[in-house]
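Take a walk through this structure, one region at a time. Keep the sequence beside you as you read.

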Amino acid sequence: MGFALKSVVLPVLAAVFGALFAPSPAAADDMFAGFVVARVCLPFASRSKSFEAAMRAARDMEFRRPAGDRAPLDPWASEVEMVSSDGRWRLRLEEGPVEENGAEIYVVTCGISSNLASSRELGQVARLVVGRNPRWSQHPEIPWRWDRRTARPEEYALRLDVTEVPGQRPVLAARGHYF
């Protein structure tokens, strides 16, 4: 009798505890977006990963090019958009020169977005990624922007921000500015 009770009770208790302590779907999405930012976006924006290496890292996280996109990828492409395997997340990698304040600078951007994530939720993901790291500071005038202190601020800057353009989905982006 004792063996039969143990063989039923233990699996039931394990299932109950597993359900209680498993992350909710929203928290799991936040963790996924945070992993993408930490493993793909920040290394790409800081130039510790090349464009090709960032694409490989995104593929390792099960991102693919959109289903309708059949054109071959130009070997000198400076932007690519990818979609997660479940179709809920979009990842955009881009790099190139940009005119800013009358000077041409090189900008590297990696952004993640979803139709199911609000700008507030993406901001919370950014806050989780940044954590309490003293190298990151929240911008005083822009609520969903964090700037990273760099060793050579006259050469480059690293930023994590959430932007929302009317009519488009909000984007959490890591941006590297190289002067």
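Start at L160 in this predicted model. Setting aside neighbours within four places in sequence, L160 is in contact with V37, L42, A126, V129, V130, W136, W144, R145, W146, L172, A173 and A174.

The largest nonpolar core has 36 residues. Those that touch the most other members are V40, F63, L91, L93, I112, L160 and L172. Helix α2 gives the most, with eight residues. In soluble globular proteins, nonpolar side chains tend to be buried together.

Now follow the strands. β2 and β3 pair in the antiparallel sense, over five bridges. The hairpin of β2 and β3 has four residues between the strands. There, G87 takes a positive phi near 80°.

Move on to the next pair. β3 and β4 run antiparallel, joined by 12 bridges. They form a hairpin with two residues between them. In the turn, N101 has a positive phi of about 55°. E100 has A103, in β4, as its bridge partner.

Stay with β4 and look at S114, which lies in this strand. Is S114 buried or exposed? S114 has a relative accessible area of 2%, so it is buried. Not counting residues up to four places away in sequence, S114 touches R88, W89, R169 and P170. A polar atom of the S114 side chain also lies 3.0 Å from the backbone nitrogen of L116.

A disulfide is a covalent bond between the sulfur atoms of two cysteines. The structure holds one disulfide. C41 and C110 form it, with their sulfur atoms 2.2 Å apart. The link is left-handed, with -50° about the S-S bond. C41 lies in helix α2 and C110 in strand β4, so the pair ties together parts that are 69 residues apart in sequence. How accessible are the two ends? C41 counts as buried, at 1% relative accessibility. C110 counts as buried too, at 0%.

Notes. Residues numbered from 1 in each chain as written. Predicted model: local features only at pLDDT ≥ 70, side-chain atom pairs only at ≥ 80, totals over all residues. Heavy atoms only, no water. Core = buried A, V, L, I, M, F, W, Y, C linked by side-chain atoms within 4.5 Å. Buried < 20%, exposed > 50% of the residue type's maximum accessible area, 1.4 Å probe, protein only. Contact = heavy atoms within 4.5 Å. Polar contact = N/O pair within 3.5 Å; in protein donor to acceptor, adjacent residues only side chain to side chain. Pairing = 2+ DSSP bridges. Disulfide = S-S within 2.5 Å.
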